[in-house]
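Dear colleague,

Please find below the structure that I am handing over to you.

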Amino acid sequence: MKKILILIFGLLLGFTSNAQSLNVVKGKVLDIDSAKPISGASILIQSTEISQKTNADGTFTLQNVPNGNQIVEFKKVGYETQYFPISINDNSIDLGDIMLYIDISQTIDNSVITLSEDDLSDDEAGGADNVAGILQSSKDTYQRAVAFNFGQVWFKERGYDSSYGQVSFNGMPMNKISNNRPQWSDWGGLNDVLRNQEFTNGLAASESTFGNVLGTTNFITRASQYREGGKASYAFTNSNYDGRVMASYNTGLMENGWALTVLGSRRYAQEGYMEGSSYNAWGGFLAVEKVLNDKHSLNLTAFYTPNRRGKNSPNTQEVFDLGGLEYNAYWGYQGDEKRNSRMKEIKEPTFMLGHYWDVNDKTTVNTNILYQMGTISNSRLGYTGSNPDPTYYQKLPSYNLQYAGSENYESALYNTQKFLNNEPESQILWDDLYSANITAGDDAIYYLYEDVNEDTTLAINSIINTQLNDNITLNGSILYKKITSENYASMMDLLGASYFSDIDRYSSAVDGENQIDLNNPDHQVKVDEKFNYSYLIDASQIDAFVQTQFSYDTFDFYISGNFGQTSYQRDGLFKNGNFPDNSYGKGEKIDFPTYGIKGGLTYKLSGRHLINLNGGYLTKAPSLRNTFNNSRVNQSVVPNITSEKIMSADASYIYRAPGVKARLTGYYTTFKDLNEVAFYYAQGINIADINELPDEINGDAFFLNATLAGVEKKHFGGEFGIDVQLTPTISLQGAAAMGQFTYDNNPDFYIGSSQFNATQVGGTGKAYIKNYKLSGTPQQGYSAGFSYRDPKYWWVSANANLLSNNYISISPFQRTDNFYTDSFGNPIPFNEITQEEVDTILAQEKIDDIFLVNLVGGKSWKVNDKYFGFFASINNLLGETFKTGGFEQARKANFEELSEDQSLETPTFGNKYWYGRSTSYYLNFYVRF
């Protein structure tokens, strides 16, 4: 590692150039209405890497501009992009004052992306929502199609999880350590102040961070860089919320050196698109900047977006057929009120102080301090009696009809009619839960609790950018982040009972094994008290990055390296009776050294034709969730855990002409040493075939923590995007994604539970999943559309999209040696089972292809010095019924039990799915002043 780092620094800092500055283009950018300078505008020489942002006074200077005819591009969020042709030949050009016009048609915001975290189960969705959020900031035709057109079906660019894309504010990384994904709800509803973004695609060079294979998005929240003025808007929709109100105001940089930006918003729904899914979210944003002098500026950013929403359940096809596609098993009536048992609440205020130092005209240093605290909680029903889930398998007609000759038609008819008639029994019976508790006595049989993640984060980073000479730019940063994460279950509602006895009812009372906390035995839990589990995670991250970018007439290239370390340590606050020696107090500190190197080249065949190459090898610390086998009950770490290894390369042909923009890309990426930890109930487990299982454990059914260790994945494919300007008002867009994403090995497989520690399933201890498809995204997608933009500021666009090759998530346990045993743990003779039978029963389900048509339009007016307008979109115009994802239930863990279940006309434990929305709309009215 030391040799690699020495090589990187040698290349970056030792490179010299004899190039001389010949050509200079300079000027000043102003607002056409106010004639005030526009700071932070991007100035770019097209088909080159030569670019700069305007200073606080609106000035810019571009050096070493290639000889010949060039196009200078002026771009700023909220303004129309301007293009100026120039001809330069060993001379300097002063463009004088460049006036930018307000883009009154620019009303599309993050809300247009149909896919939202608020619609998904975070775990099953695999972060597809975050991928869409990342990509929406790009101006690339293909990536905008992915974000706006493919996003509603959980499409992931190149199949990558969103944990492989980095989101930052002012260069400060914001991804969470729990799953390494951005928590988009932390800044939801702040659309109008998050338009100033810097985006990099894939491994491309970023000026503030090393990044990852999905690219980077950096939100700039300097108050001085917002356009002066205000905006108010109101939106109607039939999606996860019904309405949204938002208002913001920016002072711009005032004569006294101060700048202020404020925003407030609210999104709400008594019931969203899915039944019982309430939504209540507030948003507040403040940015204050003081320009101290021509070199130093301080900027304070603060935002808080508390939100609470009701989740919706995945269901088997049997349940959807009975209850409809909007059916949600998580709610029921309590009296006359709808109450959802699965509520997600996020309350994480964030504060950031930034110092901006213009050392000279070639060097800038940006230093930030971040403080964030708060909670993420998820509620659910707990029970020691019968399962209150209205879709529990024993409450469905398939259960009453599963055995020939012993059908219970009366019960089957009742269980059918209760769904078809929307009777209360088809939902959670809250009143019955209260009655059951009152009848049973003081100790609760049913209760409502929440799993709470309470994080406190303190971070500091510093970013330097310096132009070494006319051709070479050096970027670097250093980051330190400290996180304290407290995790526990908290009692919310005892549902009429006096307390709940906090014991493990699946364990023996001998030697206190059934005690959740030996330090507080037989705890009688009251409302707002912690129970079941409680532990701390102390985490820290150190990361440094350095990069050099080289720009010449015919080619540009960069080389970048990073190194760092991420550390985790669990501190158990409960002494679990099943793990008395491995649950309480501080566990071993786990360190993950990380490093990476990447590089890229852009070769300019001409001003219109470019070849771009990128490649890199990097390592990444596993997330907290995938580091511990079951952090709730013990200190056990995934065996032989190490940093993830990622190798990626892509090659692109780019065509840029006045009327045509196109990109064709091929990519290949491998992931190694990944871990995947999941929790589920399974039966048909061969106890005799589990290594080192304690003798006193018996039975064949457990609630398991299951770990895949040393997973390898392979992603390869191609991308194509094109935008053709047929006339000044009409343009055509097209995009295509063709990929294949698969598991690339047979990883180790471990299971554990609250009764025994993680151990390998016998035989080889492997899960045979090589070549199975990765789930959670269509692997192919195609889009074609047109746009019409009238000079009188109205516009309309439509697109048609085909998404295919989407697969549901497989159950690894059903692909281990345990699968080939019977209910008594005996191996099934091979003359009683054929490979064809095994292949049939374990075939991965492919979701039907999806065809979607979307329509977008709007109109803007200028009245005196104010701008009025509306924006409207209709997604899934044809009302297509489609599945967005799903997963196999792991309950039947061996061939005998699974084949018996699948032989039924309606399997008792069939696959579970999510369905996408039917036709949905979004209508936004606004005024800008």
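Two strands are said to pair if DSSP finds at least two bridges between them. Strands (E, at least two residues) and helices (H or I, at least four) are DSSP runs, numbered from the N terminus. Four bridges join strand E2 to strand E5 (residues 68-75), and these two run antiparallel.

Please note that this is a predicted model, in which local features need pLDDT of at least 70 and side-chain atom pairs count only at pLDDT 80 or more, while totals for chains, interfaces and linings use all residues. Residues are numbered from 1 along each chain as its sequence is written, and side-chain values use heavy atoms, with hydrogens and water left out.

**A sheet of four strands**

E2 and E5 belong to an open sheet of four strands, in the order E3-E2-E5-E6 and with antiparallel pairing. Strand E3 (51-53) and strand E6 (82-88) are at the edges with a single partner strand each, so one side of each has no neighbour in the sheet. From one strand to the next, the twist averages 20 degrees (axes are lines fitted to C-alpha atoms, for helices over the stretch in contact, and angles run from 0 to 180 degrees between N-to-C directions).

Strand E2 (residues 42-45) also pairs with E3 in the antiparallel sense, over three bridges. The two form a hairpin with five residues between them, and Ser47 in the turn has a positive phi of about 65 degrees. Ser42 has a bridge partner in each neighbouring strand: Lys53 in E3 and Lys75 in E5. The bridge partner of Ile43 in E3 is Gln52.

**Nonpolar cores**

A nonpolar core is a set of buried Ala, Val, Leu, Ile, Met, Phe, Trp, Tyr and Cys residues joined through side-chain atoms within 4.5 Å. The largest one has 40 residues, and those with the most contacts inside it are Val213, Tyr680, Leu704, Phe749 and Phe813. Among the elements that each supply at least two residues of this core are strand E34 (660-683), strand E35 (701-725) and helix H9 (835-841). A second, separate core of 27 residues includes Val525, Phe531, Ala621 and Ile641.

**Aromatic rings**

Rings of Phe, Tyr and Trp (its six-membered ring) pair if their centres lie within 6.5 Å; planes under 30 degrees apart count as stacked, over 60 as edge-to-face and the rest as tilted. The structure holds 40 aromatic pairs. In one of them, the ring centres of Tyr249 and Phe929 are 6.4 Å apart and the planes lie at 20 degrees, so the pair is stacked. Tyr249 lies in strand E13 (residues 243-250) and Phe929 in the segment after strand E47 (920-928), so this pair ties together parts that are 680 residues apart in sequence. Tyr249 is partly exposed, with a relative accessible area of 36%, and Phe929 is also partly exposed, at 42%.

Tyr449 and Phe531 form an edge-to-face pair, with 5.8 Å from centre to centre and 80 degrees between the planes. Tyr449 is in strand E24 (residues 446-467) and Phe531 in strand E28 (residues 530-551), 82 residues apart. Tyr449 counts as buried at 12% relative accessibility, as does Phe531 at 2%.

**Helix H4**

How many of the residues of helix H4 are buried? In this helix (residues 141-150), nine of the 10 are; they include Tyr142, Ala145, Val146 and Phe148. At the start of H4, a side-chain oxygen of Asp140 reaches to within 3.0 Å of the backbone nitrogen of Tyr142.

Yours sincerely,
A colleague

Technical notes:
Buried < 20%, exposed > 50% of the residue type's maximum accessible area, 1.4 Å probe, protein only. Polar contact = N/O pair within 3.5 Å; in protein donor to acceptor, adjacent residues only side chain to side chain.
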